[in-house]
Amino acid sequence: MANSGSLSLRIKLLQGDITKVTADAIVNAANSSLLGGGGVDGAIHRAGGPAILEACRKIVARQGGCSPGEAVITTGGNLLARHVIHTVGPVWTGGQKREPEILANCYRNSLQLAQEQDLETIAFPNISTGVYGYPKDKAATVAVRTVVDFLQQHPLPKQVLFVVFDEENRRLYEQELAAIE
Ligand code: ADP
C-alpha cells in the first residue's frame, strides 16, 4: 500500500490542450478502429504526426482494433509526451450497458500499461465526455475513484494529471479532488 497521505500530491488538475502536456504518456480517447477520429483523438494525431497512426495500424494488423475499456500504447511521435496510450471509452446509452465499469476499465488499463512500462507521469483527458455523451459529473466520479484506488495500490505512475478542456469539467474535477485532500 503506497502512503495514502501523499495521494493528493500524486494527482494534479490542469486545464487546456492535452497535446501540449509534458508527461511520459498522454492518454487518447480513441475509437475501436484506432485509426483516428475527431475531438481529442484528432488533436493528438494532428499534433503527434504520422508515426502515431503508423504504430496504430501495426496494432490493428496484429490484434484488430481495441475494444471499449481496453488500452494500447504507441509512440508519442512529435508530441512532448514520449508515448500515447489509446483507450476506447464507452458510448453512453443511459447507464445500463456497463458504461461505468467500462469507463473504469479505461482508466485502470491505461494506468496498468503505464506501470508495466515504468512510466512516472500520465495525463488523462475526460474520456467519453465528448461525442460519446457520458454525463460529465458521473464520468468525473468514476475517473477520480478509479485513479485513487489504483494509486493507493501501486507506486507507479508517480503522478497523474487530469487535463480538463472545458469549464464544467474543471469545476467537477475540483470538487472530486477536494474530497480526497
Ligand atoms: P469521446 O469520444 O471519448 O467522448 P471526445 O474527444 O469527443 O472523446 O471528448 C473527450 C473529452 O476530451 C471531452 O471532454 C473534450 O472536451 C475533450 N477534449 C477535446 N479536445 C481536447 C484536447 N485537445 N485536449 C484535452 N481535452 C480535449
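The chat below walks through a predicted model, from its strands and helices to the residues around its ligand.

Visitor: What kind of model is this, and how are residues numbered?

Guide: It is a predicted model, in which local features need pLDDT of at least 70 and side-chain atom pairs count only at pLDDT 80 or more, while totals for chains, interfaces and linings use all residues. Residues are numbered from 1 along each chain as its sequence is written.

Visitor: Okay, is strand S2 buried or exposed?

Guide: In S2, 6 of the 6 residues are buried, so this strand is largely enclosed by the rest of the structure. A residue is buried if 20 or more other C-beta atoms lie within 10 Å of its own, exposed if 12 or fewer, and partly exposed in between, with C-beta atoms placed from the backbone. Strands (E, at least two residues) and helices (H or I, at least four) are DSSP runs, numbered from the N terminus.

Visitor: Which way do the residues of S2 point?

Guide: Ala25, Val27 and Ala29 point one way, whereas Ile26, Asn28 and Ala30 point the other way. In a regular strand the side chains alternate between the two faces of the sheet.

Visitor: And which strands does S2 pair with?

Guide: S2 runs parallel to S4, joined by 6 bridges, and it also pairs in the parallel sense with strand S5 (residues 121-124) over 2 bridges; two strands pair if DSSP finds at least two bridges between them.

Visitor: Switching to the nonpolar core, how many residues are in the largest one?

Guide: The largest nonpolar core has 53 residues, and those with the most contacts inside it are Ala25, Ile26, Ile122, Ala123, Phe124, Ala143 and Val147. Helix H5 (residues 136-153) supplies the largest share of this core, 9 residues. Such a core is a set of buried Ala, Val, Leu, Ile, Met, Phe, Trp, Tyr and Cys residues joined through C-beta atoms within 7 Å.

Visitor: What does alanine 143 touch?

Guide: Leaving out residues up to four places away in sequence, alanine 143 touches Tyr107, Phe124 and Phe162, where contact means that the C-beta atoms, placed from the backbone, lie within 7 Å.

Visitor: What do the buried residues of H4 pack against?

Guide: They pack against S2, strand S3 (71-75), S4, S5 and H5, and the buried residues of H4 include Ile102, Cys106 and Tyr107.

Visitor: Where does leucine 34 sit, and what is its phi?

Guide: Leucine 34 is found in the loop between strand S2 (25-30) and H2, and its phi is near 60°, a positive value in a residue other than glycine. Leucine 34 counts as buried because it has 25 C-beta neighbours inside 10 Å.

Visitor: What about arginine 98, buried or partly exposed?

Guide: Arginine 98 has 13 C-beta neighbours inside 10 Å, so it counts as partly exposed, and its phi is also near 60°.

Visitor: Last topic: how many residues surround the ligand?

Guide: The ligand is surrounded by 21 residues, the closest being Ala29, Gly39, Gly130, Tyr132 and Phe165; a residue is near a molecule if its C-beta atom, placed from the backbone, lies within 6 Å of it. Helix H2 (residues 39-48) gives the most to this shell, with 4 residues.

Conventions. Contact = placed C-beta atoms within 7 Å.
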